[in-house]
Each structure stands twice: as structure tokens, then as C-alpha cells.
Amino acid sequence: MEATKTVGKGGSFEREDAEGRVMDEQKRTTNEINKKTLIQRIARSTARQPKKALLVSFAVSIILSALGPLIAGFELTTDTKGWRSRGTLVANREMQAEVLNLNRFQLFRDEDGSHWKLVTETETGSWIEFSDRKESYADPEATDRTRRLDLKGESLDFKTTFSIERHAGGGTSNRSLDFKDTCDTSWFSKFNEVLFEGNMYAMWKVQPDEDHDATVSSSALDENVLSQICKAEQNTMKILKDNNLCTTCSDGSCLPPHSLVFLLRQKLEMHETSCEELMKIYTSTVQEEFTDELLACTYEYSEKFDAATYMPGDMEVCLFDYLPNVVDANFGKDGNRNVRYTSSFFRTKNDDMEDFLDIYRSFDEADGETVRGVYNFESFFFIDLVAELATNADVLIGLSSLVLTIFALLIHNKSPWLTLIGFLQIIVAIPLSYFGYTVIARIEFFPLLNLIGLFVASAVGADDIFVAVDKWNNARNSSPKEATTEDIAEIALPDAAGAMLLTTITTSVAFFATCVCPITPILCFATYCGLLVFFNYILNILIIFPSLCLWDIWQQNGSTSRFVDLRNKKEKTTDKADDKTVESSDDESPTKIQTKHRILLLLFDQIDRFRWPLLVACLAAAGVCLYVALQFPVPESMDVRLLPSSHPFELHNNWGVKLLHRELWKPVAVVYVLFGLDSGDTGPPNNPDYLSKLLLDDTFNPSTEEAQLYLRDFCDNLFAKDFAVQLEKCAINEFETWLEEQSSSATPSSAYSNNCNEAAVLPVPESAFDPCIVAWSKETGNISVLQENGKVRVLMITGAVDLEVTSSLDLIATKWNEFESYIGDQIALAPEGVNKFYHASFMWWYWDVSVQMTKTALGAGLITLGFASIVVILSSRSLVLTLVSAVTIFFILVVSSATLVGLGWELGFLESICFSILIGISCDFVIHFGHAYKHLEGHVDSRLRARFAVVNMGPSILAAAATTVVAASVMLFCSTPFFTKFSTILLVTMLYATIGSFIFY
């Protein structure tokens, strides 16, 4: 019988047989080395030269990290660019409409085909956000502000603008406005300049809140309320004047805002009096008269307002420069004489919105008890600017959570050395992932959303560090005291690398699965986070393990430096004292480790004791939560708010929709019907700075008689449907009217005489159709007809649907289906040459984004579950363990989702992004426990394996969970919803991942 004992260093063993003979040591060592796996040999090699391995790893990592910005540059996109789907049916259609509109004027004027060649052979650059489209689609050569694509008065996406030439205002006041002979008071009567020129305006809400007190009867017309508004306007005007941000009269004073106070002054002809003097005259009798006159103005304005053209009629009864911004939509209805919401529109200088950033919070908001005011601008730019600044501030708050990661590493590792190296590893992983993102993945676009990856890097990186350190400590504690660093490395590195590899693969795939999302920022975010997880793993192997080898060598050599280990005692003067210190230190560490393990074993015993009741409870909870999670609501509208609901800008938006002018000028979504274009997107899906080539339908031929007659009747048939709104007369119908006029005219234009073959109505002879309609479009400036070298290439019909951004998704889907069904039926009836048309709308595109986000959340979840199951079954070779792992991950997902439903979440833009993070990190703890469970060698019963897994992986999992929870808690103090929701989902996921892995698994 053989006996074995360890006698040498570095894994050299000597075996004594029964006869006392000793095998040749060199031969034995060679045989043992040959039996070692590749990773064991790498581990021993690293342990022999840890300094060299560490320095080389750091050097290579830093060089590669520097190459990313050097080769690809670095530009953080802080705006909302790219939040559109790409590559879907809806997106491909709207993409072509987008490219066409951006180039429409140039194509209309193109005489030699050069611009057609440009847009059909190269991708159009620059993504246009909705709020910028009105200016970006404008005629680049026009100086008249009304000379846009909306020549007939409609907006490109929402019909909210109008032809200024048709109507200058809501009527001319009969009241005196000579309070300032040096002021241009015509502004007050021009509704378009007051309401729709991007002016700053205050929204006033009478207090207390009527939603909480049904007996409230206070009105903005009450003396105490109107007095507060008057004083607040005066104070705000002073601030604007001091900062030269208001339009002034020649004497330097600001033009007063259009408001109830202004109309009262106009009624009383007291423009120069103070607020106090004005309120003295504003008796109850005057208030009644003023209310009656406002009611008369409101009735007349609403009655004469043309909803089809968005034009107010001429006012006859109203004696004020009345505009419907001064009253809410309920004023005058069912005998209501109270004004709960009103506004004050200031004539501001908006050349540089950033000038308002430092002062807008100092504007007078009244007392807040009688009435409360909030300020914003009619344009989108200012709120986007403030939201961007708030987001940047929240990023700094989030970055501060990285400091907590350092403390967590220090508390767990009890070594400043390992903490420093661990933190450096997390930091280096960020630019190294950027190298993979830009140089390897070839992605140029880097949205602000990617900064969330920093927190992912922190959480995943810390988790890997905890695993590596604990695996090393476990290997050291279970080995003989004389075991060398090489011996420990040979055990710890393969064990930890295997455990981390499984979670790295699963988490990376979870993020990469989200790349199925056709929305650029989500795709980029998922790619970057997946790379962060991968490179954190690589750096953990290359940097943390050499550092652990150095740390172990120092410890074995009797280091007393607290930089190496906080538990080390100060160096003593005698050898005896030194030996005692080492012994004391040695005694201390196992005692602490045993205490930690004893607690986990106690927890395990209690869970094991009640395992069946707990299992039933967990399954019941999962069933209930599954039902709740399936009720995860989608948003009622697609209006994404970047600021919290309590922010003044959000209050301004919510109160503003109550005004009468917002009800009268309720927008409708523009829909284009495009003939002559194929749908498609040739641009890169991961870069919104490049759109698509213009894809022409080479089969388009409207010149045949059948095609002409079909196109003539198409417009009337379409707009006879309830779901379609006509904004303008179709080009083909205007063309026929022109033919009738010209054919009967004694002096027809040369465009008609030279090109139309004396045609009076449609159909025009086929040979004359193209030259005739092109000549007409040039003469009339109708850019719905676009030609290339005399041949009609594109014909556009502009209509609308009764939708806006705040419309419900169900309503939008209904309108889409109605349009899609009708267009499909019409295509089946269309003759050859005009039977490949389609409809496109910004609203459809906006709706498609929400649909794709929901699909991504569900699809990525299924991919993650499937892949995690594959990883478990390959690593464990156990169907039972695979089933349990999959069910546990499913438990974590459904319980987390149900909790979010309980918190009132909807599966919108921000929530879908957070959901992808939930999927990515929900499976880590389960994979860790599964690896440890199978790692115990030999035929061992399941209970002992479970105890082993809890003892060996429990500390790492609890440390990772605690670190993530503390870091996420910091971000609860952020102001923007995205960061608070991100922190919430981290907290929820960590909670249920810990419960699921310790109790359910």
C-alpha cells in the first residue's frame, strides 16, 4: 500500500512505497506537469512571474484603450438623436419620406439631374428630430419665413401652423392702446406671433388644487388671484429687462405680456397704473363685467374658429385683443364662470436660449397658495436644453456611486492593494470596451445612454473581483500551510475562471440579445454593455490574478504592511514577537472566515429545513407574479418626458394642455402617400448621422390614360374616408383645374400652350402628360410633383389623421390599420405604373418605436432564458439542474416584472431599456451557484453539494448584491426619470436575484 506526503516546494512531491524506495523526483515532476491542463500551466507560470504578467497586462490594456479614441475619436452624443426604429416596414417607408423632404426643394429645382444622382447614389446625412423638422425642411433659398414645404399652411408632421398672409390676427381691438406711444402694440392682436413664435410664457394654476377639493370655486378672475399674477408679471419683466431678453419699446421698457391682466388694463384703459392701483378699481362689479366680456369673446372666438384651416374668424363682438390663451377650455361650458388655468405670453428675444438658463428659476411664480406659476417656452429647445443639463448632473451623481464600489472592495478584500488593482481594472475596462466598440465593432455613434454602461461595468467588475478573491482565499484555506503561491494559483485560477466564464457568457449574450432592437441607441447601448462584461472578464484574468499572486507571496513572506492586508499587525522588534504576530494573524483570518461560513451554513440549514413550504410559496408567488407581469401595461401615449412629473416644466406642459388655444389648435398627424418611391433604408443601422439613399421606383409611370384617371379619383376617394383628413387639394386635381382654366382662357400661359397639346381635362395625351404637368408645377411652384430631366419621378399626396403624440397607442394602431388596409385595397385596383405606392407618417414611425421596444424586451428575455439553459446543461450535464436554473431565472424575471407593475411602471422607452438590464444581470447568481454545485468532485449527495455551493459562493454573491444595492441607492437621488428608474430596477433585480438564488434555487 502506498502512502503520500508533501515535502517540497512548488508542487514537488515525493512518494514512499512499502519497500522505502523513492521514485526519481525529476521524472515524477515531469509526469505531473504533463498531466496539468493548459490553464493550470498558465496559472503556475503567472505565479512564478506575477510582476511581469501584471505590468505587461496593464501596458497592453492601456495601449489598446488609447487606440480607440485615437483611431475613431470620441464624441458623446448628449441629445436625443436616433430614437427611431430602422429596417422595419414602417421605418423604411418613413425613411424615404424623410430623405425626400430633406431634399425636396433641391430636387424640385434640379434642371440637369445632378441632385437626383447625388441622393440616389449616396446616403443623406444628418438625422432630423421632430422638433427641428419645420426648419430643416424649409426652402434653403427662401427668405420669407412662410416659404416652407407647408406652402398651403400645413406643418410637415403636425398641422399646427398657418399662412400668415391670410390672417394677421384675431381681430382689431376697439380699445385704446396708446399707453405706450413708443411701443409696437400690433403684436397683441397677431395670434401667430403671440402663441406660435417660441415666446416664453407663464402658466398659472389657481390654488388649491381642484383635483383634491371638489368644493373649490376660486378663479383667476378673483381680485386676490389677479393681483398675484399682475405682481409676478411685473417682477418677471424687470428680470427680463435687466438681462436684455425682452422685446422693448423705444424707451427701453419691456412690452407687457399678453394675459388676463393686459386685457383688464385694456378694458379699463389703465396701462400705466401699478398693480395695487389697478386692483383698487377692480371691484366685484368690474369683475362681473370683465367676466361677461371674456365669456362673450370666448364664445365668439370658438364659434368663428375654422378647425379645417386652423384660422380664427374676424371678431365683431369682442372689444379686446382677445386670444384663447387667457382662459382654459372649460371656461363658459355648462355655465362655468371660473378660470382655473391661464397664461401670460411674454415677447422675448429667443436668439440664444442659453441666456435664460441662469435666470429662469428666478422668475416670479406668485405666492403658491393663491395661485402658482411656472415658466417655459413654446418651442422644444429650452426644455431639451434643461433636460440635457439635468441628465449631465445625474451622470455625475451616478459616477459618485463608483466611490462606494471602492469601499465595498476594500471591506470585502481587506486589502488596499487588491482594492486599488480592482478599481483600476474596472476603470481600464471602460476605454478598452470603447476600443472594441469602435475599432472592432466599427460603431461610430456613442449615445449618452452608453454611460449607463459605467454602472454595469462597476457591478459586473466588482462581482468578478469578489469571485476571484474568494476563490483564492478558499483555495488557500483548504490547502496545507506549506502550499506555495503556484499551488494556490493552480487551484484558484481555473476554478474562478470557469465560474466567471459562465456568467460572462450568459450576461454578455443577454445584452447582445438586445441588439435585435432596431433602435440605434438601444442597439449601441446593448453592444457596449456586452463588451464591458466581456472585457471585465479578460482583465480580471490578466490583472487581478497576477495581483493576487503578488498579494499571496507578500503574505507568505510575512509582510506586515497594511497596504497588503488591513489585518496585518505592526512589525515587532524581535523574531519571537514577529512569529507571534504572524501566528495571531493566521489565527484571526480563519476565525473570521469560519464565522462568515457559519452564518451561511445556519441560513442554509433553516432553508433546507423548510425547503418544501418555501418551494410551494415561491412557485405560488411566481404564478401570481406571472399573471401580474403579463398585465405589464404599455404607455397610453408615446409622449416621453425626460424630467420628473414634479419639475416645473412638466407642470407647465400638463397645465398648458388645459388652455383653450391648445384645444382649438389641436394638431393632427400628417400622412404622405408616395408614388414613385420604393421603401427601404440603405444607411448604417448603428449610426443615425447617416440616413438612406433615395430609392426610386423605376416602374412608376403616371402618364398613361388609365394612370391619370386613377390618380385623379384617388384623392377624393381617400379623403372621403373617416380616418383621413384632407389638408390641401391634391396636385393632380389642381393640375386638372389649371387645364380647365387655361383651355378656356383667351390668353393661356406659355407653359400650357407649349406643352399641353390643348388638353382641357384629364387624361392628357400620354406623350404630353410629363411635359405638361412639369410645366404646370414649375409655373405654380407646386413641389408635390418632382421631375428628373422632364420625366415625373415622384408624386406626393399630403393628408392627415386625427392623432397627436399624446394619442393612445391603441388609437394609433387602429388608424394605421385603417390606412394600411385601404391603401392595400387601392393598390390591388391600381393600373400598372402606379400600383406600388405606400403611405408614411412620422406618427407611424413614432408608434413603431414603441412596438419594437416591447418586442425587444420580450425577445431578449426569451433568448437569455434559452441561452442560460444551454450554458447550464453544457456545464453541468444535468437536465434537472438545467430545469431548476431556468425556472429560477424565470422566477427572478417574473417577480421583478410584477414588482415594477406594482410600482406603476409602463413598458415604454425608458422601461424597456431598464428591462434589458434586468435580463442581463438576473442570471448571474444562479449560474454562480450552479457552477459551485457541480464543482464538488466525487459522488456526493445533493444536500452536501448545496452546502458546499452556499459556503463557497455565498460570500461573493452577497458582496456583489450589497455593492450593487448601495451604488444603486445613490442614483435614487437623481432628478431625471431614467436614472431613478435605472436604480430602481437594479435594486429590484438584486433583491429577487438574491432571494431566488439562495431560497428558490
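# A walk through a predicted protein model

Residues are numbered from 1 along each chain as its sequence is written, and side-chain values use heavy atoms, with hydrogens and water left out.

Now for the overall picture. The protein has 1001 residues, and 55% of them count as buried. The chain forms 32 helices and 12 strands; these are DSSP runs numbered from the N terminus, with helices (H or I) of at least four residues and strands (E) of at least two. The accessible surface comes to about 42,700 Å², and 55% of this belongs to carbon and sulfur atoms; such areas come from the Shrake-Rupley method with a 1.4 Å probe, and for residues only the protein chains shown count as cover. A contact means heavy atoms within 4.5 Å. Among contacts with a separation of 6 or more, 77% are between residues 24 or more positions apart.

How confident is the predictor, on average? The mean pLDDT is 80, and 82% of the residues score at least 70; pLDDT is the predictor's confidence in each residue, from 0 to 100. Over residues 1–33 the pLDDT is below 50, and this stretch has 26 contacts in the model beyond near neighbours in sequence. Residues 571–593 also have a pLDDT below 50, with 14 contacts beyond near neighbours in sequence.

Next, look at the aromatic rings. A pair of aromatic rings is described by the distance of the centres and the angle of the planes. Rings of Phe, Tyr and Trp (its six-membered ring) pair if their centres lie within 6.5 Å; planes under 30 degrees apart count as stacked, over 60 as edge-to-face and the rest as tilted. A search of the whole structure finds 34 aromatic pairs. In one of them, the ring centres of Tyr 434 and Tyr 437 are 6.3 Å apart and the planes meet at 25 degrees, so this pair is stacked. Both residues belong to helix 14 (residues 416–440), where being 3 residues apart separates them by about one helical turn. Tyr 434 counts as buried at 6% relative accessibility, and Tyr 437 is buried at 0%.

The pair we began with, Phe 735 and Trp 776, is tilted, with 5.7 Å from centre to centre and 55 degrees between the planes. Phe 735 lies in helix 23 (residues 731–744) and Trp 776 in helix 25 (residues 766–780), so the pair ties together parts that are 41 residues apart in sequence. Elsewhere, ring pairs link Phe 723, Trp 816, Phe 819, Tyr 822, Trp 844 and Trp 847 into a cluster.

A nonpolar core is a set of buried Ala, Val, Leu, Ile, Met, Phe, Trp, Tyr and Cys residues joined through side-chain atoms within 4.5 Å. The largest such core has 115 residues, and Tyr 437 is one of those that touch the most other members, a group including Trp 472 and Phe 979. Helix 17 (residues 520–556) gives this core its largest share, 18 residues. A second, separate core holds 104 residues, including Met 203 and Phe 262. Beyond its neighbours within four places in sequence, Tyr 437 is in contact with residues including Phe 445, Pro 447 and Tyr 528.

Finally, visit some loops. Where does Phe 700 sit? Its place is the loop between strand 8 (669–675) and helix 22 (705–719), and at 4% relative accessibility Phe 700 counts as buried. Not counting residues up to four places away in sequence, Phe 700 touches several residues, among them Phe 675, Val 792 and Gly 833. By contrast, Asp 334 counts as exposed, at 85% relative accessibility. Asp 334 lies in the loop between helix 12 (284–304) and strand 5 (341–345), and has a positive phi of about 55 degrees although it is not a glycine.

How values were computed:
Buried < 20%, exposed > 50% of the residue type's maximum accessible area, 1.4 Å probe, protein only.
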